[in-house]
Amino acid sequence: MLKGGCLSNLGQRRVDKIRFSTKYSFIETLVNQVDEFKQIMLMEDDFPLSHFIDLTPALKKIKVIGTYLLPEELFDLKRSLETIRAILNFFKTRPARPAGGKEEDKYPYLQKLAENVKLFPFVFERIDSIITKQGKIKDNASPELNTIRSDIRNKEGAVSKRLHSILREAQKSGIVGQDVTLSIRDGRATIPVDASHKRKIKGLILDESATGKTAYIEPTEIVELNNDIKELYYAERREIVKILTQFANDIRPYVDDLLFAYDYMGTIDFIRSKALLANKINGIKPIFSDRPMLEWKKAVHPLLYLSFKEESRIVVPLDIKLNNDNQRILLISGPNAGGKSVCLQTVGLLQYMFQCGLLVPMNENSEIGLFQNLFINIGDDQSIENDLSTYSSHLLNMKNFIKSANNKTLILIDEFGSGTEPMLGGAIAEAILDSLNQKKSFGVITTHYTSLKHFASSARGIENGAMLFDTAKIQALFKLSIGEPGSSFAFEIARKIGLPEDILQNATQKIGKDHIDFDKNLKDIIRDKRYWETKRENIRRSEKKLEEQIAKYTSELEIVDKSRKEILKKTKEEAELLLADVNKRIENTIREIKESKAEKEQTKNARKSLADFKDNLNKIGSEEEARIQRKIEKLKILPVLSADRHVRQVGREKHGKRKTSIEEVTQIKKADLSLIEKGDKVKLFGQDSVGEVLDVNGKSIMVAFGNMITTIDEKKLEKISEKQYKQNTGSSSSKKASSWDFGERRLKFKPEIDVRGKRAEEALQVVNDFIDEAIVISMGTVKILHGKGDGILRQLIRQYLETVDVVRSFHDESVQFGGSGITIVEFE
């Protein structure tokens with residue numbers, strides 16, 4: 001894929017030379033170069049990509065004196081050098097970015113590559129003096145060439161004139177037809193003549209048609225002229241070689257610099273191909289650590305990703321962590337075809353890719369380390385020639401691993417210990433694993449051996465891992481879980497594919513109950529862990545939602561507090577204006593008393609007027625303050641009420657119950673929000689019906705809903721504002737005329753409804769309206785006919801009924817009247 005992304009042989013040769021590196025600074029430079037080019041591909045649209053042509057063989061050729069470039073090679077040299085110059089200009093013209101109080105290059109790693117690249121104007125000038133933009137040798141490339149080409153044009157003009165003259169005479173004589181034109185044969189102009197008349201025109205027969213009916217004759221008169229033209233062409237060719245040889249002599253001192261420039265172009269081509277591959281596989285630059293370790297999140301095998309992408313499938317990503325003395329070697333177990341080998345290969349391939357300077361497909365928060373050695377034992381290396389069996393080849397690899405491993409080695413072993421008698425093979429594998437662990441090596445190892453799982457659970461530095469398996473569906477989940485060993489699920493898989501049960505029972509007796517119990521406990525642990533992980537995720541989401549609600553209410557409280565201060569400030573300013581008005585009134589009153597020498601009754605009236613004005617002013621201020629304070633107190637308890645809702649939700653998830661004890665919240669609601677008094681406007685919970693409170697008797701509230709007066713429990717009512725009441729009742733006479741006529745509605749109401757054959761959404765809407773109407777007209781019992789079927793509609797309707805507070809209970813109709821096909825609903 002890297003080679004396919006290259007534009008020239010220059011880049012492809014670098015792909016062949018790619019190598020695993022252990023130098024931190026070198027790897028960091030490589031991956032930063034690719035990451036920067038990836039940014040260019042995303043952010044820039046003017047990077048030069050045309051004419052990536054490899055001219056290094058031609059340049060090396062002209063190092064030898066007397067050699068020269070061919071005209072087409074000179075044209076390629078011109079175009080490719082212009083591309084290199086455009087690339088250099090691209091980086092020079094990129095604006096610098098501010099960093100730490102100073103400016104730095106936008107693409108520092110790529111711009112550093114161009115530091116020693118030199119292109120000389122003299123070379124471009126010499127090329128432009130020789131060839132045109134279309135790659136043709138110019139007439140004025142030399143005075144001699146100009147003269148030769150001028151002579152050629154003159155001679156060819158004379159030949160053309162004479163030939164046309166001879167052709168016209170032949171046409172007049174009837175030797176050739178009127179539609180015949182001149183033809184070129186072997187670079188010479190000829191006259192096509194019918195074979196029967198070929199002796200009538202003197203000259204040389206240069207060619208004839210395939211049928212032999214036409215002869216192509218060069219008249220004797222122009223033979224000499226054509227010979228002269230041919231000699232001129234030879235002279236032209238010799239002059240061009242002379243010009244190209246001189247050009248080679250002129251640029252020979254610059255050849256080494258030109259070769260370096262082409263090496264730079266090849267490097268850019270190679271880096272671009274790596275960036276293309278990174279975009280193709282979603283490769284990124286993770287955090288790079290100068291020590292052996294792995295802490296990857298959502299890592300993906302690139303080839304598996306590309307294969308699945310074509311089939312519109314999704315790869316299950318890998319999360320793996322090997323970064324301390326307690327967890328250096330991961331021992332993965334689990335069912336066959338469960339993804340163990342894919343995990344191992346993903347680790348090996350991505351680590352190798354990164355240390356070759358490639359970006360890797362994983363989460364950007366992942367951290368990748370540096371290893372000196374990468375030891376891999378995957379597949380079958382048996383050899384007849386070397387007398388090696390499968391197990392012998394594995395042991396030979398293990399011998400080399402033990403000999404060369406150190407604390408900076410990453411070891412990858414697939415199906416550890418397999419290939420021989422299980423008990424003996426397991427013992428040898430355990431001893432090898434212990435030796436590698438003592439060397440502080442890192443590794444990912446897959447196995448089915450129970451003895452190795454036990455050893456890993458007790459050995460410091462080795463951690464068990466399991467490939468998860470869905471026991472209900474009997475299928476692999478391809479997800480790695482670190483911390484516990486995995487079961488092979490051999491009996492479950494055998495049962496799924498249809499192996500006879502008596503054989504499985506016989507196998508159970510042979511292997512022993514202890515081994516079966518161990519495997520069963522492993523499966524139970526895996527199942528329970530998945531269950532609690534799901535619960536924990538649900539709680540986490542609920543807590544996050546609760547935090548968002550609290551933050552929202554806190555923000556609103558701050559806004560209200562700010563508004564309160566602004567209102568108080570404005571009120572104070574208005575009060576000052578009012579006080580100034582009061583002072584004027586007092587002064588006027590005093591003046592009136594003095595001027596009129598009023599009697600006691602007039603004086604008393606004036607004082608009373610002033611006192612009334614003062615009381616009104618105080619009343620307005622008190623009401624405004626109380627209104628603001630009520631709004632603040634209401635906002636303060638909103639987070640508590642929101643917490644109540646979330647507690648109920650989490651409680652339902654954990655215990656399947658709908659009710660949670662929240663007495664404190666209920667008390668707050670009743671005390672501060674839901675205290676209903678005579679004259680208040682109210683509405684039924686969950687309904688649009690609004691009314692006015694006529695009387696309050698403990699928990700029983702007498703309410704007027706339009707023309708109907710009824711007594712309702714306080715819990716079924718919700719206090720509303722005057723504005724809401726007016727919006728629901730309306731103010732036009734037409735709406736008043738069509739307001740509640742409960743007697744007529746009760747007479748027309750049918751206490752049963754049929755929703756059979758309706759879609760779930762449509763049926764629920766019909767039931768919702770039906771229940772609303774039943775509540776408004778105070779029905780005691782209603783029936784909903786939904787049919788039996790699969791029971792889905794019945795379940796949805798009953799789930800809705802659970803949410804209606806005034807529904808006391810609901811149950812199936814008697815069997816003789818419809819049974820579970822009908823739901824009886826009873827109201828409080």
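1. Before we start, one cut-off to keep in mind: a residue counts as buried under 20% relative accessible area, as exposed over 50%, and as partly exposed in between. Also bear in mind that what you're looking at is a predicted model.

2. To find Leu499 on screen, go to the loop that runs between helix H16 (490–496) and helix H17 (501–511).

3. Now for a contrast: is Ile243 buried or exposed? Ile243 is buried, as its relative accessible area comes to 8%, and the cut-off for that word is under 20%. You'll find Ile243 in helix H9, which covers residues 220–251. Have a look at Ile137 while you're there: 106 residues separate Ile243 from Ile137 in sequence, yet their C-alpha atoms are 9.6 Å apart in space.

4. Next, the empty space inside. Rolling a probe the size of a water molecule over the atoms shows where such space is left. How many cavities of 30 Å³ or more does the structure hold? The count is 1. As for volume, the largest cavity comes to about 90 Å³. There are 15 residues lining the largest cavity, and those closest to its centre are Tyr391, His394, Met398, Phe416 and Gly417.

5. Staying with that lining, what supplies it? Helix H13 (390–404) gives at least two residues to the lining of the largest cavity, and helix H14 (422–438) likewise gives at least two. By type, the lining residues split into 8 nonpolar, 5 polar and 2 charged.

6. Two backbone spots deserve a look, starting with His51. This residue isn't a glycine, but it has a positive phi of about 60 degrees. His51 sits in the loop between helix H3 (24–43) and helix H4 (56–61). With a relative accessible area of 34%, His51 is partly exposed.

7. The other spot is Asn282. Here too phi is positive, at about 60 degrees, although Asn282 is not a glycine. Look for Asn282 in the loop that links helix H10 (255–281) and strand S7 (287–288). Its relative accessible area is 44%, so Asn282 goes down as partly exposed.

Note on methods: Residues are numbered from 1 along each chain as its sequence is written. This is a predicted model: local features need pLDDT of at least 70, side-chain atom pairs count only at pLDDT 80 or more; totals for chains, interfaces and linings use all residues. Side-chain values use heavy atoms; hydrogens and water are left out. Helices (H or I, at least four residues) and strands (E, at least two) are DSSP runs, numbered from the N terminus. On a 1 Å grid over the protein atoms alone, a cavity is a set of points where a 1.4 Å probe fits but cannot get out, and a pocket is an open set with protein on both sides within 12 Å along at least five of seven lines; lining residues have an atom within 4 Å of a point. Grid points are joined across faces, edges and corners, and a volume is the space filled by probe spheres set on the points. Ala, Val, Leu, Ile, Met, Phe, Trp, Tyr, Cys and Pro count as nonpolar, Asp, Glu, Lys and Arg as charged, and the others, Gly among them, as polar. Buried means under 20% relative accessible area, exposed over 50%, partly exposed in between (1.4 Å probe, protein chains only).
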